[in-house]
Each structure stands twice: as structure tokens, then as C-alpha cells.
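This briefing is for a reader new to the structure shown below. Please look over the sequence and the model before reading the points that follow.

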Amino acid sequence: MDLANFLIQLLNSVQYGLLLFMLAAGLTLIFGIMGVVNLAHGSFYMLGAYLAWSLSTLTGSLTMAIIGGAVLSVIFGLALEWLLFRHFYKRDHLDQVLLTFGLIYIFEEVRSILWGDDVHGVTIPDLLSASVPLTENLSYPVYRLFMSGVCIALALGLYWMISRTRLGMKIRAGAFNRDMAESLGINIKLIHAVVFALGVGLAAVAGMIAAPVASVYPNMGSQVLIMCFVVVVIGGIGSVRGALISALLVGLVDTFGKVLLPSMAGMLVYMLMAAVLLWKPEGLFKQ
Amino acid sequence: MSSAKANLEILPRGVQVALALGLIALVAFPFVGTDFYTQMVTRMMIMAIFAMSLDLLQGVTGLVSLGHAAYFGLAGYALAFLTPAGEPVSLWWTLPVAVLASGLAALIIGFFVVRTHGIYFIMVTMAFAQMVFYLFFDNKALGGSDGLYVNFKPSAAIFGWVPFDLDSKVTLYYFTLGALLLVYAFLRRLLWSPFGRTLAGIRVNEHRMRAMGFGTFGYKLSAFTLAGALAGLAGYLWGTQTGYINPELMGFHMSAHAIMMVILGGMGNFAGAIVGAFAFEYLLHVFKDLPQVGSVNLGKHWQLWMGLFIVLLVVFAPRGILGLVEKFTQRKEKTEAGHE
């Protein structure tokens, strides 16, 4: 592997890792703060991708689709939280598993009714369809750089919100001690709704920006969900920083695994997970 | 009762009578049912064994595995690999080998997953099961996404003498019923053994069990291995019945279905797992069989009905069918106690 090729793989793994981070961050936040395990998190990713496809064919612009899709998915998240999830914060994990598994079935079938079972492609906007030349015969697509840029911007925004703003302070207080925070006058119900909608929004935006690269197809949600679980398990549940580091690690192992050891590529990430579990059963950054 | 989630470990007389009647119905069924329904009930019994094996983890030990289908599927694959295309192989060695293979896989994976707790355990079991799934799904040598055929049903011949023939649907039915009864009796016995009591203690308070000197890791790993092996028994029977094995059998939908069955019937007493498996398989059959209404084929969208059913169940009746029975009987006991 020469240097340019290595660089391309490195960029790919960072881009994949950042995308996984957006998904895992939502999953781990929803768990860390509300104590809810959400198997339907992958379905929000799928929802995002299908929204991107529908809205970009409708409006002709991916930018419009992403903005509209983000708003729609956040509204959807708020509705879902109000209707179902808020009743499950104090229930057993088993009940949460069942609820969200039922939701997967509903989402998959509604998707099939609304959008059909075909694989769809989403076109990259002209502005982002160019490539950056690396050497004479190797170049890197601008769109993938754009994806990484969006992910980094959202990650920084998330970090800023949680660690620097008043809302973030309330979120942390609520996660640390719900009753104490409530008696201090923090509206925990509202905080939970916001965090849930944020998680849904992050997953849907990940699906939307990934749509042109990964295409849009049935069951795309469950595949991504498993990878999210691996990321969260390695990173340590509830830790956003752990999710970032472990998502980058998983991106690296998966991307380079496919190039260097194609016959074992599918297994490598799980072997990494097993190794981490042996060493630290609670994940690398358990809070 | 030891905890708020105390399980229905001693079955009320009414439930015992219902189970006995159910057994009589199962024994008599092939005489009245058609071929189609005999096969369907065979499948229900196989799923009941699978659900009971999960209940050992979920209901007794308090470990919710979202990857239990991996061990179910592995034994099916073991059967497919052990059966050459040309001739049937003996039941008497393929069955133990397949069950041991599943148990061994559960032992290895269990070594990693049993260190984790609660929600972590759910995620890790699911991730490892998906690893097994993709191992078979991605490798043409292991059958790939198309799966494998089990060309011949295992032969029960002993030195040329054939006590029964699994090619017959009715014989396979009774063979499965026998396996179901054995597994149920074994697990009920286990529940009241020191080992079973320790597992129940781990469910209620693992820290206290460890403080009392129990090596909980070893107990949990043993339970995980045993549950994997019993799931393997169900998978072997499935492969024998359908003659076909594919990666879907190890997928996470299958694992979630097993969890559903255990919840639907009621956890921790194995009878619930049986009732739940029958109810769940029957519901699947009903949903897939829904008629065409106008231009909409309701049966085609069975996943929607199943999803709605699961959500409604977990919102309104989280403890399942036997849970409702228990609620009723407990209330009666309470009022009786109040009168004393």
C-alpha cells in the first residue's frame, strides 16, 4: 500500500468513524441520561436516508432535503417520546427491548408501504461532486470530506452544548441525579424530550448525509445498529467521549481490515470488542 | 415472594391442571389434526424448547440475551455439515455433536459476555450473535446467504434395527414432544436444585450471592453454556424438520422472538415459555394468514401487526399471559390472607 492509497483509506476510516459516532452518540446519550436502550435507533438512521431520498427528489436539492429532513425527524422524535418512550424511562430494560423491537417491525413495514422495497440512490449535489487529486491517478471525493466536516461540526456543537451551555448543565444534572435536579427546579421531562429528539435528529442526519454514499435500502437500520452497539460497548456506555474514540477505532479497524485482511474483515471489529471486554468489561471510558 | 419481580416458581393448581390438559391435547393431536397442522404444532414445540432454554437465562438467572438464536442456528448448521448429500447419518451421534457444538460456542462467547451486566449484557450478546450471523452470511463455504440443505433426516437405526423413522411427520412430532417433556422435566428439576437456587439468587441480588461466597461468574457461565446447548437441541430439531438452514435462523429477529415468547407466557417457570411459544407461533400464523381487504393484502404486512401487538402488549400487559394469571391468583391469596 503506497502513501496515497494509505491516505485514502485513512480518510475513509475517519469518515466512517465519524458517521458511527453521530449514531452512537445519540444511542449512548439516550441511555446515559434516560436509561433507555433503544433498538429502534437504527430505524431513525433509515428514516433519515429515506427522507433524504424523498425530499431531494421532491425539491431537487440535497441541502433542502437535509434541513427539511432534520426538522421532520426531530418533530417525529418529540412525538414518539411523548407518545411512548416517556412511559418507559423507569421500566425494565427487558420492556424497553421489547417496545423498541416492536417499533422496528412497525417502522420497517411502514417504510415498505410508503417507499417500497427497492434500493435507491441519492445524487450528490453538483457543488460537492468534484474530487481532490492526491497523486496523478488517485483522487478523493469532496463529498466524503463534506460528510466528515458535517460530523465534526455536529460533534463540536454537541460537546459545546453539553459542557458549556445552561441546557447542557441541566442535562448533566438530570443524568447525575434525577430527583435532586428536579427539586432544584429543572424540568426533567422537558430535558428528556430534548435529549431524545436530539438523538433521533443526529441519527436521521447521519442517515441523510450517508444516503448518497451508502445508498438507501431496506434493513439498513439494523446493520448500522449492531455497529453502534459495538461502538458503545467498546467506548463505555453513557460516555460521549468514549463513543468518539471508539467510533474512530472501529472505523479504522473496519476500513483497514477490508483492505488488508478481506477474508476476516467482518470479524475484526468483533474481535476488537472481545479484546476490550476481556481487558475492561465496562468499556474503555465507563462513567 | 422474594422480590417485586418474583417469579411464578410454584405453579398454581389451576395452571398445573391446564398444563396436564395441554399435554393430553398434544398427545392426541396427530390423530385429529391434518398434516399441515401436525407440522405446525411440531414447529411450535421446537420453539417451546428454544424459549425454555432462553428462560433459564432470562427468567431464572436474570440475564436477557439478545443473541440466543446464534446457538439455535449453530446446531442446525452442525446437522447440515454432518449430513452428506448421499446418505442419512445416525441420529445417535449427530444429535449430541450438534448440541455440544452449540454448548461449546456458548461457553466461548459466554466467557466474554458473562462479565457484563444489565443493558451491557443485552448489547454484547447481540453483537456476538451478529458476528456469528455474518460469519455464515458472508462465507460461501458455510452456505452464504442462501443457507444449506439437510438432505436426509437423521436415521435412528441401531445396528440395522430401526426403532422409529423421523421421515414420518407423526414420528417426528412425537419425537419432538418427547424432547419437549424431557427438557421441561430437566429444567423444572434444575430450578429446585442447589444450582438452580443459586441462579435464582443471582437474579435477585448478585452482589449478595458473591458476598456469601458463590463464584457467580462460574454459575452464570454454566447457565449460559447449558442454555446454549438446549437452544442447540431445538435448532437440531428445526433442521431435521425443515431440511433447510439459513443465517436468518441466527439473526436478531429470531433472538427477539424468543424473548417475546418468554415474556408472552411469563418468565421463570418454563411452563410460561411453552405457553408463550405456542401463542407467539400461532399469532405469527394468524397475522401471515390475514385476508385481502379491498386492494390491501393484510397478511403481507404481518410485521406491522406483529409490531403493533408487541408494543401494545408491553404497554398494557408487560408480564404476559401467566403474569395475568399470577396477578389474579395473588390478589385472591391476599384477600384470603386479609380475612384471617
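A residue counts as exposed when its relative accessible area is over 50%, as buried when that value is under 20%, and as partly exposed in between. The model described here is predicted.

**Contact between chain A and chain B**

- On the chain A side 43 residues take part in the contact, and on the chain B side 41 residues do.
- About 3900 Å² is buried between the two chains, and carbon and sulfur atoms give 81% of that area.
- Within chain A, the residues that lose the most area to chain B are A:L94, A:L98 and A:Y105, which together make up 18% of what that side buries.
- Between chain A and chain B there are 0 salt bridges.
- Polar contacts between chain A and chain B number 6 residue pairs, with both residues at pLDDT 80 or more.
- Four helices of chain A, namely α1 (3–34), α4 (93–115), α9 (220–235) and α11 (265–279), each supply at least two residues of the side that touches chain B.
- Helix α4(A) gives the largest share of that side, with 16 residues.
- Sorted by class, the side of chain A that touches chain B consists of 31 nonpolar, 6 polar and 6 charged residues.

**Salt bridges within chain A**

- Over all chains, the structure holds 8 salt bridges.
- One of them joins the side chains of A:R91 and A:D95, with an N to O distance of 2.9 Å.
- A:R91 is partly exposed, because its relative accessible area of 24% falls between the two cut-offs.
- A:D95 has a relative accessibility of 7% and therefore counts as buried.
- Another salt bridge joins the side chains of A:D254 and A:K258, at 3.0 Å from N to O.
- Both A:D254 and A:K258 belong to helix α10 (residues 240–260) of chain A, where they sit 4 residues apart, about one turn of the helix.
- The two ends of this pair fall into separate classes: A:D254 is buried, at 7% relative accessibility, whereas A:K258 is exposed, because its relative accessible area is 52%.
- A network of salt bridges links A:E108, A:R111 and A:D117.

**A salt bridge within chain B**

- The side chains of B:K220 and B:E206 form a salt bridge, with 3.1 Å between N and O.
- This pair links distant parts of the chain, since B:K220 lies in helix α9 (residues 216–242) of chain B and B:E206 in helix α8 (residues 206–211) of chain B, 14 residues apart.
- Both B:K220 and B:E206 are buried.

**Serine A:S43**

- A:S43 is part of helix α2 (residues 41–59) of chain A.
- With a relative accessible area of 7%, A:S43 is buried.
- Leaving aside residues up to four places away in sequence, A:S43 touches A:I104, A:F107 and A:G221.

Conventions:
Residues are numbered from 1 along each chain as its sequence is written. Chains are lettered from A and ligands numbered from 1 in the order in which they are written. This is a predicted model: local features need pLDDT of at least 70, side-chain atom pairs count only at pLDDT 80 or more; totals for chains, interfaces and linings use all residues. Side-chain values use heavy atoms; hydrogens and water are left out. Contact means heavy atoms within 4.5 Å. Buried area is the accessible area (1.4 Å probe) that two parts lose on being put together, summed over both. A salt bridge is a side-chain nitrogen of Lys or Arg within 4 Å of a carboxyl oxygen of Asp or Glu. A polar contact is a pair of N or O atoms within 3.5 Å; within protein, one must be able to donate a hydrogen and the other to accept it, and residues adjacent in sequence count only if both atoms are side-chain atoms. Ala, Val, Leu, Ile, Met, Phe, Trp, Tyr, Cys and Pro count as nonpolar, Asp, Glu, Lys and Arg as charged, and the others, Gly among them, as polar. Buried means under 20% relative accessible area, exposed over 50%, partly exposed in between (1.4 Å probe, protein chains only).
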